[in-house]
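Thanks for coming. I have one model to go through today, and I will take it a few places at a time.

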Amino acid sequence: MELHSEWTSRDETVLASVIKHYQLENFTVVVPQPEAKKKRMRRRSNSMRKSISETVPVNKLSTGESAAVRAEEMAASSEFARRQSFSGDPIRKAREWIKNEDWDNAIWAFDEMNTRKAYFANKATEDVEDFVLEIVKLGVRSSKSPVLGAARLAFAEVNFRADFVVNLLSRHEVGEPNAKKAKSTSSADMFFEASMHCFLSAFHSETADDYERRLIFVIDILVNTTTFAVDARIFSVLFGLIKEFGDGNDAVTMRVVNLLLKALKSPGKYKISSADLKMDSVVEMMRTTHSHHILRDSLRLLTAAVRVSPTSVTSHVMSVFTFMGNGLLRKDNELTLRIIEDTLEALFRAVCEEDGKTLPTEMRLRLIGVARVFAASVCDIPAHRRARMAHAIARAVKHINVWVVVGVLLEHFCARWQRSAGDANKRSAEQDAFEDFALELFVGLDPILQLSAAVDLVEFIVRLGSDNPSESAPEILDQTIFDRSKYSVPKLRHFRFVTIGLVVKILSNRKLYERLGAIDDALLYQSMLPIGKRLMTASVELGEFVDKENAAADQGSEPQTVRYWVALSSRAETVSEKLRHLMPGGVAARIITDILEDEKTDWRMREKALQLANLKLIHDGFFFSESGINEEHLERMAVVLNKWLVKERLDREKIILCQNAAFTLKLVAKRLSCRSDSSTLAETIGKCTNMVADYQTLDECMVGNALLLAGELIRSHNMRTTMVSAIPLLKTCLSILNECSLSQQSLQDSSNQPEDANGKRRRVRQQSLSGKKLGSSTLLICALTCTQRILDQFAPFVSQFIPEILVQFCRLCGRYCDSDAKASANPIERSHPLQTLTSIQHRLSLIRAALLKLEVRVIGEHFAKAVVQLSREEKPLIALFALLKSFFDQKNRVTITQIRNSLVSDVFLKGLEYRAHDRNVEDVDRIANVEQSVFSSLLAMAEVLTENTLRSVVNTLVDWAEQGLKPTATREERGRLITVFMFANSFYDSFNSLALPYFGKLIEMSVKVLNSCNATILIDPSLLLLHGKKDSMDGKEADCLVTEVIDFVGNCARQREFFTEDRAESLVVPLTNEIVNSRLGGHEKRCVPHLANTLYRISDTHPDIFQTVLDKVLLKTRNGRAKIRYRALLVVEAIFDKVGDGVAPHLPMIMPFLSELLEDENRNVEEQCDRVVRLLQSKFGENICEGFA
């Protein structure tokens, strides 16, 4: 371009010869230059110098020539001198000089026309047009004429009429319809007819090449003109030229496109309409052209046209982007893609460009029209080109309008969507195309702007409303994007579902997180602050909208509707969570604090802000920076949250805010460093103490969160106020625990209520983050947590409450745990959810660990007070002694030795009195469980004590039980014998022979017990130790006592050294007399296996006594009562089975007894005797029966 301009000014003939020699005519484009006037003046001086050089030869000046001569020559050749010499009319002079072929003067004349101000404006239009027509004819005849360039520049100031331009660009033949026009007498019509006659006479015989040259020259003139009149005929002619020359003639096509651009950009007073724009020919040319220059200029033409009529132009243009045709657009290369990308960006930028006159709503409505046309071509765009195209559109429409384009795209897809499964594959491919393109529209934006655009889309869905149209009129913009009146409810649902799904994909895009993570926190805060509240607001509104519709669907009777809203709820919840949680911790902290400090903020917004703060605080590191925790924002947050800790009883919103504030403050307290001078936290714990004191009149979850907060402050902040508040808090906690442990009704969880079919489909929010009420178990868990924190930190300072803590702990353990704090299968515990039950057990285990840290020297008095309160409760007593058992460790031997006697007298013996309090015959197993737990704890202490120190413990128990043998002993005192013999058996089971040295006195007591409990021998009931009916409590206790004594004797009989022959002989008679003690319930079970085993062990330890034992047992077979004979045979059979071959020496004595019994009148006795005989036969052979026939 610069080379062409330079040689035009220097010598056009040289430039023309070069163009002709190298055939560059088709590639030469004349473009107007902004410095045209200056260049014309320079060319004028050059031409004058050239004319002077021709008339006056310039010889090389000698060195001696004077300066005056040189100055005179220069003055003569100066521009000023030549200008002063021009006289006359330039047009007339130019005609003369052109006729005489005086080209230099002719050029001078054209330059004069250009330099004279308003020269053509002062001339008659007919004269100017005649002169222009003559120059055009000259250009057609001699396209190399030197004056053509000067003529083009001179005609730049001519204001051509539209009729004249049309005639210049049109073909003219002698038989045109214009010749038949009716005659008119008006001057305008006469002028028109004369003009047409001139054109006909000038161009009626021109060839195609002449017409092409004329077009090139005329268009170059028109392109250079400052302005020319534009009307519909000019556009029609120009678009016709494109259609005629667009295929193959690049030189004419490029010039026509440039002239069209000029006409579109500067139409003057003419208002261009969509009918003027015949874009079909342009689109067809773009499809077939192989010239990048034409393609680019055509795209510029489209961009200019879209400003005039976006929708109509785009409807023609968008077919270009289906990438069909045979031209350059078909080639899949970077240049082509770049051209199309630029065009798309220019088109949408032109639509969205704010000119200050168009309202934003009108601009967006125009954008909707363009986007709807473009949506028809989205599926035709290859997948690998979608990203570049989408990014170009996103740059053009900017983030504030991206949601409009995306809404239109998805609306177009949903309008074609059908539920039928037959078209599933095609529908899936279309959905992928639309969703991919829509997703790329967001990806092309800045990450912060992506979030803003996503919020716009969510807000649009909320404004769109439910399935039922609202009474209020929708916004015109929303109505234009998705007109509810045109679509059915299924399509509306599908549009809503697909849109929310797209937002989920946008917010789940990994690139978004990577780009957000690369931004500095300070910059990110400044960028996120404007949209931070919008994120929270959109989250709240979307959640409420979906929850409302979900609740309405549950009340209806349409399963399909319920399923739809449940599915949408899942996506909406994901969107809500991500909108709140996308912000990094440092940024979230500032925004949350700003929201909380704003008193005008809605309570729902505060609730969501607190949920976000809770999540960020729960995950370690979110509120941290490289220099450590940001305490400034946490303290600001604590100051605001303290204001919400109030005793609210009626306003549900304030109750929820108080719950959330307490929970968030707990997390804040955990993150703040431990400082003793924190006035904010001191105020917090004071408010908590004051609030929980009125727990009976306040919401349980609100009180629970306050207890958790107080517990956290006690745990993590060692302040004076926490120590002062510990006792009031502990009193409240113990009161709560007492109510929960004693009232089964208060422990029933709301989740225990039966669920209906619809209720099972509802989503349940997490209590830990939202503060929603789960049930009264929550208050129990919170009270346990606070109690545990106080015990961990201030156990020595609250020692006066340890007994009450033990009582409540044991009661709760009895309800929720077994003796080892494991999960129980109790029906009461099964009424609680597993998670709740596990939480209670976990807190109880922590309290247990805190109690085990108490000094052993003081546990005696604490347990003594606790056992008195729990003396009538089975499971709490079991838990109490299980806890006491854990204190008996070898490292505490010295202390335990010192307090052993007080523990036995004040704790163990008090616990063993449970039998005296419970006289219900159905509670026999409970009594045994309690006594076994006491025995287990007592034996654990025995393992720590030495032989001598243990003796006093056992003697205390024996002396305690021996009081039951007194004639004046009460029933409760006699029941102690059962307990002590049960302990003796447990003692032996644990220590074996090591326990025997402590049983001397118990052996003596055994004889008395057996004799005093034989109701058959002692006829007088008043002499019996224990007696009663078979199914009564007294009868069961008597049976239990005799059984335990028999087992005790059997255990002692295992050791010959301890169980001497004298002791054996003293016990044989009472034991064998037990065979006849049938009046005492449980006689048969006592005989076998208990009595039989004991007699065998005595006989095995002292074989010499076996004969005596055998005689006394066989004599019982001759008792007058068949029941006694039968049970005596049972004992005989059990003894014979154990003795085996040792019976052989005694067979002569045995056989007569058996012979008699084989003929017993009682069938049971006879059959039992037969079994004994068969047993002997199996051991000694069949011949043993000889002589008994």
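Predicted model: local features only at pLDDT ≥ 70, side-chain atom pairs only at ≥ 80, totals over all residues.

Ala-118 is partly exposed, with a relative accessible area of 41%. Ala-118 lies in the loop between helix H7, residues 103-115, and helix H8, residues 125-141. Along the chain, Ala-118 and Val-158 are 40 residues apart, and their C-alpha atoms are separated by 9.1 Å.

Now the chain as a whole. The protein chain has 55 helices and 2 strands. Of its 1189 residues, 51% are buried. Taking contacts between residues at least 6 apart in sequence, 78% join residues at least 24 apart.

Helix H31 covers residues 631-642, which is 12 residues. From first C-alpha to last, H31 reaches 16 Å, close to the 16 Å expected at 1.5 Å a residue. Which residues of H31 are buried? They are His-633, Leu-634, Met-637, Ala-638, Val-640, Leu-641 and Asn-642.

Helix H40, residues 834-851, has 18 residues. H40 reaches 26 Å between its first and last C-alpha, close to the 26 Å expected at 1.5 Å a residue. The buried residues of H40 include Leu-837, Ile-840, Leu-844, Ile-847 and Leu-851. Arg-843 and Arg-848 are also among the buried residues of H40, as are Thr-836 and Gln-841.

Back to H31 and its packing. H31 packs with helix H32, residues 652-671, at an angle of about 150 degrees, and the two axes are 10 Å apart. Angles over 145 degrees count as roughly antiparallel, so H31 is roughly antiparallel to H32. On the H31 side, the contact is made by Leu-634, Met-637, Ala-638, Leu-641 and Asn-642. On the H32 side, Ala-661, Thr-664, Leu-665, Val-668 and Arg-671 make the contact. The crossing of H31 past H32 is left-handed.

On to the cysteines. How many disulfides are there? The count comes to 0 disulfides. Cys-786 is in no disulfide, and the nearest cysteine sulfur, that of Cys-733, is 3.7 Å away. The cut-off for a disulfide is a pair of cysteine sulfur atoms within 2.5 Å. Is Cys-786 buried or exposed? At 0% relative accessibility, Cys-786 counts as buried, because buried means under 20% relative accessible area. Cys-1087 is buried as well, with a relative accessible area of 0%.

Last, some backbone points to look at on the screen. The peptide bond from Val-1088 to Pro-1089 is cis, with omega near 15 degrees. Where is Pro-1089 found? Pro-1089 is in helix H51, residues 1083-1101.

Two residues have positive phi values to go through. Lys-398 is a residue other than glycine, and its phi is positive, near 65 degrees. Lys-398 sits in the loop between helix H20, residues 383-397, and helix H21, residues 399-416.

Asn-992 is not a glycine either, and its phi is positive at about 55 degrees. Asn-992 is in the loop between helix H47, residues 971-991, and helix H48, residues 1000-1012. With a relative accessible area of 43%, Asn-992 is partly exposed.

That is the end of my list.

Notes
Residues numbered from 1 in each chain as written. Heavy atoms only, no water. Helix = DSSP H or I, 4+ residues; strand = E, 2+ residues; numbered from the N terminus. Expected span 1.5 Å × (residues − 1). Buried < 20%, exposed > 50% of the residue type's maximum accessible area, 1.4 Å probe, protein only. Axes fitted to C-alpha atoms, helices over the stretch in contact; angles between N-to-C directions. Parallel < 35°, antiparallel > 145°, perpendicular 65-115°, else oblique. Left-handed = near helix turned anticlockwise from the far one by under 90°. Contact = heavy atoms within 4.5 Å.
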